[in-house]
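Notes for a colleague follow, in numbered points. Please read them alongside the model.

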Amino acid sequence: MRRARSLVPLVGILPFLAYLLLFLLIPTVVVIVGAFQEDGSFSLSNLHALTNSATVDALRSSVVLSASTAVIGGLLGALLAAVIVSAPERSLVRRAVLALSGSLAQTGGVSLAFAWMATIGLGGTLTTMVQNALSLDLTGNGWLYAMPGLILVYCYFQIPLMVIVFLPALDGLRPQWREAAETLGASRLQYLTQVAIPLLLPAFLGSLLLLFANAFAAYATAAALVSQGSPILPLMIRAALTSEVVLGQQHLAYAIALEMIVVVALIMGAYAWLLRRSSRWMR
Amino acid sequence: MKPWLRWLILLVFAVYFFGPLLSMLDFSTKTTSGGRSGAAWKALVTNHQVLGAIGQSLLLCVTTVVLMLVILLPTMIWVRLRLPRLKRLIEFLCLLPLTIPALVIVVGINGVYAWVNYFFGYSPVVLTFAYVVLVLPYAYRALDSSLSALDVTTLAEAARSLGAGWLTVITRVVVPNVGAGILSAAFISVALVLGEFTFASLLNYQTLPVVIDLFGKRDAHVSVAAALGSIVFASALLLLLSFAGARSRGRKGA
Amino acid sequence: MNARRLAVAAAAALAMTAVSACSSTPPSKSGGNSSAAATATSAADLGGMSKLVAAAKKEGSLNVIALPPDWANYGAIIKAFSDKYGIKVNSAQPDAASQDEINAAKQLKGRPTAPDVFDLGQAVALANTDLFAPYKVSDFDKIPSQFKDADGTWVNDYGGYMSIGYDSKKVPAVKSVSDLLKPAYKGKVALNGDPTQAGAAFSGVVMAAVANGGSADDISPGVKFFSQLKKAGNFLPVDPTPATIESGQTPVVIDWDYTNAAETAKLPSWKVVVPGNQPVGGYYYQAINKDAPHPAAARLWEEYLYSAEGQNGFLAGGARPVLADQMKTDGTLDTADYAKLPAVKGTPVLLTQDQNTKAADYLAKNWASAVK
């Protein structure tokens with residue numbers, strides 16, 4: 001009797017698991033197996049190559065880029081979401097911001113890089129305006145093509161993504177709860193710190209996690225802006241898989257992909273631990 | 001929040017987001033002789049291949065959203081209600097597609113797609129299966145945000161004690177209350193399908209982004225117009241969708 | 001507890017069967033390539049050109065890959081071929097690199113969307129000859145022997161020299177490689193790709209090496225040059241595209257002369273110079289996919305590319321066709337286009353496969369740290 005009861009609920013998620021098995025797990029397993037191969041036989045050489053200084057640097061840059069754009073994009077996106085959530089659902093401003101966020105969240109690649117270059121790069125629209133008005137050279141020492149520039153450009157799709165995935169959580173904050181807190185004598189600040197923020201924390205942290213993973217694996221934009229030297233992990237993968245100069249590196253690409261999966265798993269572990277600690281008071 | 005503060009914040013964001021878009025518009029309407037011309041835009045919107053690809057991609061949007069909702073939403077609700085210990089596992093599985101660059105997933109998914117092509121043919125619509133996987137991380141997060149604001153367990157208990165079966169609980173009690181999450185998930189899915197290039201290009205399907213990219217190769221101004229046009233098209237489509245979405249949702253529960 | 005173990009075991013078994021199943025391929029619906037064209041090594045094998053044309057027309061389409069319209073005039077060549085024979089040309093992944101072509105051939109093997117023909121850089125071509133079908137075009141004997149494989153497994157189609165392209169309206173005229181270190185070019189010099197990935201960028205580093213005392217065997221002066229360029233603040237890590245050139249983001253681009261020449265056609269102030277007296281040359285390699293879904297059309301495409309019409313097509317794009325000398329003798333060369341090619345002095349530097357590998361290894365170890 002007990003055996004049957006603990007298995008039956010699992011049937012409910014079988015379709016989901018079967019679907020994932022076919023279209024996600026099999027590709028992942030192929031990649032993981034590939035990481036341990038070289039020239040058709042088992043080998044740890046690619047895992048060893050992960051400890052090269054170039055790969056370690058790329059890992060560090062990737063983590064810094066993803067973490068900073070996750071936090072900056074997360075905070076600014078939450079702010080934007082908070083600004084429009086109070087507007088009625090049928091308001092045009094709310095709809096327009098949401099629609100625009102949806103489409104901007106998926107921008108990237110060559111066109112995004114070009115748009116920013118055409119704005120603040122050499123001869124860009126803003127650069128020319130600032131040059132003429134204030135005699136300031138916005139391009140400076142080429143900061144757009146290094147980490148600061150990448151962070152600025154990545155936020156272009158991180159902020160809208162945050163708006164899209166975090167707005168439903170803000171939407172779930174019932175005004176009745178604020179009223180209840182007020183009638184019990186809480187100030188605005190108390191309501192925020194003791195009711196709203198703890199309630200929103202799981203969704204907020206989960207969205208930050210998504211933003212991190214989103215930036216971590218993105219490469220098309222960086223490829224257009226910083227095509228020299230493969231400074232981040234996804235660019236190293238691309239170089240290993242598609243280089244026409246240094247051949248035979250595809251297993252290194254799989255090893256790096258495995259590394260990326262591990263990093264995200266670790267970050268997820270940290271997120272889960274953070275959540276457990278902060279939501280202990282909830283059921 | 002004071003109204004003027006709200007508008008100020010919106011203005012600052014507007015400058016950040018519209019600035020690069022305006023630069024794109026500026027470049028796409030320039031001519032080498034220094035004047036302005038709409039030739040690039042005209043070429044874009046009158047091209048037969050581009051227009052034909054729009055229909056394909058719209059169909060792909062619909063199939064992706066529908067399949068994603070059918071597969072993901074009941075699973076998430078079910079896990080919350082009956083299998084809470086599996087929540088972290090599902091969450092990780094739904095984050096996995098985002099972790100592995102598309103370039104690498106294609107290598108692995110290729111074998112599976114050989115069979116998909118065998119059963120379902122070579123139309124771009126078969127990309128639905130891969131796109132649902134790609135959209136999972138975003139859709140999961142949007143739906144989870146909405147579900148976390150709802151006390152699903154109590155609602156389900158109340159409904160069950162009134163005699164509802166599990167199907168009724170899911171479709172008539174929980175789903176109407178997560179409208180914001182569903183809309184967000186649908187939005188991001190549509191935007192992803194309209195903008196997804198890597199998979200379609202590597203597996204050699206002629207979706208809208210692929211066709212537009214090839215079309216833009218002939219001329220730099222056309223390629224920038226194409227990129228901006230895609231953003232405008234996606235935003236307009238999502239705006240239309242939001243009108244449809246708001247009408248079908250009921251009032252928020254207490 | 002037992003139930004859970006059972007579930008885990010079942011899941012593992014399911015996973016393993018699924019993984020092994022996916023590595024098997026489904027039965028081929030197209031009935032296989034049993035047509036004669038798939039094994040033809042010349043037009044004579046099929047009974048002559050007219051039979052080849054008929055077989056190709058019957059197939060009705062051709063899959064090409066990695067052929068941007070403004071690269072060696074491929075846009076016009078594709079259109080001319082398509083119009084002449086009524087065969088639809090499907091151009092996939094125009095931005096792909098040579099290795100992407102091979103990856104696509106392997107991944108899409110057996111499907112009707114697999115590439116039929118390849119246009120590859122040296123390293124990738126010579127490393128993957130087992131994927132090619134040997135074929136000798138009608139004028140095969142007229143192609144100089146250093147530009148072809150004896151069996152026709154691969155044949156060079158066009159080549160060019162490394163050049164510096166610059167916008168004369170935005171920067172002063174460039175006369176030599178070392179000019180680029182001057183302050184007038186601060187934040188303005190871009191290389192077409194990363195040399196550890198892209199053949200054009202790789203040859204760009206060789207050009208810099210040769211101009212600074214290096215040679216085909218020693219490219220370290222080239223890497224040092226780019227390191228200096230980066231320190232001076234002149235080197236842009238951006239990937240140049242026609243959009244960045246025309247909008248002024250990358251006023252100086254180091255690339256093949258024919259790619260830079262294509263830009264001159266769109267931006268009149270764009271000038272191209274092949275510096276120094278040891279120009280670095282490179283040829284691209286044509287090959288037919290052994291498992292091409294349209295074998296007759298693939299072979300007809302090769303015939304077209306090596307006909308006077310096809311070779312002049314490349315010439316119109318600023319590339320040097322491999323049959324140029326023969327065509328000059330025969331009088332079929334488009335002399336007007338030939339005269340437009342940038343002036344080249346001295347003996348060309350062409351890397352052998354061994355020099356290529358040695359240089360690639362050196363770059364793999366030293367490039368990233370040199371331009372950090």
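1. Chain C splits into domain 1 (14-159 + 282-339) and domain 2 (161-281 + 346-370); the bounds come from an automatic or database domain assignment. Their C-alpha centres are 29 Å apart.

2. This is a predicted model, in which local features need pLDDT of at least 70, side-chain atom pairs count only at pLDDT 80 or more, and totals for chains, interfaces and linings use all residues. Residues are numbered from 1 along each chain as written, chains are lettered from A and ligands numbered from 1 in the order written, and side-chain values use heavy atoms, leaving out hydrogens and water.

3. Across the domain boundary, 14 residues of domain 1 of chain C contact 16 residues of domain 2 of chain C (contact: heavy atoms within 4.5 Å). The buried area is about 1,200 Å², with 54% from carbon and sulfur atoms; this is accessible area (1.4 Å probe) lost on putting the two parts together, summed over both. On the domain 1 side, Asp70(C), Trp71(C) and Gly282(C) lose the most, together 38% of what that side buries.

4. Strands E1 (residues 61-65) and E2 (residues 88-92) of chain C pair in parallel over five bridges (pairing needs at least two DSSP bridges). Ser61(C) has Lys88(C) as its bridge partner. Helices (H or I, at least four residues) and strands (E, at least two) are DSSP runs, numbered from the N terminus.

5. Tyr154(A) touches Leu65(A), Thr69(A), Ala215(A), Ala218(A), Thr221(A), Ala222(A) and Ile232(A), leaving aside residues up to four places away in sequence.
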